[in-house]
Amino acid sequence: MIDVSLLGWLLVTLTSPLSLVLLIVALGSVAYIGVTALGAAPPQRGARAVGTGAAACALAAGMLGLRVGAGAAAAVPTAAVGIAAAAALGATAACAWTFGARGAAALGAARARRSAAALRAGDERRRRLAASQRAYVEGDDLAAETAAADAAVERLRAAVEALADARDVLEARRDAARGGGAVGDGDEHGAPGGRGSEQRPEASALAEDLARACDEAALKGSMGERVLAAAEAAALRVACNAPLRRLLRRRPREALQALAALGAGAIAPAAASIEAFLGEVRAARAEVAEIAERRAPGGATGSGAEESPAAVALGELAAMESAYGALLERLRLSELHASTRASVEQVESAAGALSAAARAAAVDPAALGALVTEVARAESAVAIAAPEAGGSRALAEALAAGSLALDRSDATSLSELIAALRELR
């Protein structure tokens, strides 16, 4: 029995030396397979260092703590198992590093591809949504609906014209059959046993069938003309309502919502949006008038003109223009009031600043009194140093007058006091 232990922990017990040889061969096979796989795989940066480091660490650990067998004879199998295990661990670590890095790179590339595909799909969805919204606002579906209605009217008109042509052909054949029947009657009166007497029943039956067919064709033609008139009226209604429906989609709801939410700050943008919308309303009125003139050149008169699709659409557009025009006028008036309030506030602010500056620039009476006192003392010192006849009395009187004026808060200016003192010199 051969015990294999690492750092005192029993790992496995081998039954014979052959088992030890097979263990060494298995570890060597693992190392060989790992080296072969590394040679076949593309080189990976850091794989050699990882494998060498793992093998060195495993060899050091094996030399320090690995024991295979017991006694002095255990050194050789211990070294063999340690070297084989170190090689196997190094090759395994290098393979794990190489193929792990390749797997991580593949996963990262797949994730990047999925992210790019998701971004492209999102951009495509946003582009389609933006195009759909733009087409909706521009009224492309309304134009397609109008074109489809016009195409249906054209097809119906072509069918009615074909029915009229068929009726004309039937009437021509009926007239021809009646003419042939008249000639047969003459033959009959001229020759009782002639050919006309033999063809009279057949000609009469053919004439009756042609007359019946002509009546049916005339009835269907009349119905087709009424249907065509109704279809033309419906197509005209669709064409006249298309500008109105497009304007309903393009109305400046965002500007009005901003005006309701933000207040006075959104007056100018809302006024600009409404003014642009009013330009579109006027263009739509011109478009409806042009459609009505082109599709009904003669026009309708009386009550029919008032109830025509063009008149109804023009009335709706006029009401829309009137409502938004009144709102625009109110917005302009509000903007003018806001501008006036801002100007008044600026004037008040400037006046307040000027008043504060004027209050700050006012002369302090105490400082003025101190200045007068200092001047009086200086003059007294000068008078004492160089006395003059009668100067002391005059100086005292002037100082007394100045002090009395300051005490009474008279409107005596500083310049007048100083001038009086200088005259006393």
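Hi everyone, let's start in helix α9, where Arg332 and Glu329 sit 3 residues apart, about one turn of the helix. Their side chains meet in a salt bridge, 3.9 Å from N to O. Arg332 is partly exposed at 36% relative accessibility, and Glu329 is also partly exposed, at 48%. Do keep in mind that this is a predicted model.

Glu321 counts as buried because its relative accessibility is 17%, under the 20% cut-off. Arg282, at 46%, is partly exposed.

Next, Arg157 and Glu232, whose side chains form a salt bridge of 2.4 Å, N to O. This one links distant parts of the chain: Arg157 is in helix α4, Glu232 in helix α5, and they are 75 residues apart. Glu124, Arg127 and Arg128, meanwhile, are linked in a salt-bridge network. The count of salt bridges comes to 16.

Now over to helix α2, residues 47–65. Which of its residues are buried? They are Ala47, Gly51, Ala58, Gly62 and Gly65. Seen down the helix axis, these fall within an arc of 100 degrees, so they line one face of α2. They pack against β1, β3 and α3. The face turned away from that buried side carries exposed residues, including Arg48, Thr52 and Leu64.

Technical notes:
Residues are numbered from 1 along each chain as its sequence is written. This is a predicted model: local features need pLDDT of at least 70, side-chain atom pairs count only at pLDDT 80 or more; totals for chains, interfaces and linings use all residues. Side-chain values use heavy atoms; hydrogens and water are left out. Buried means under 20% relative accessible area, exposed over 50%, partly exposed in between (1.4 Å probe, protein chains only). Helices (H or I, at least four residues) and strands (E, at least two) are DSSP runs, numbered from the N terminus. The arc is that of the directions from the helix axis to the C-beta atoms. Contact means heavy atoms within 4.5 Å. A salt bridge is a side-chain nitrogen of Lys or Arg within 4 Å of a carboxyl oxygen of Asp or Glu.
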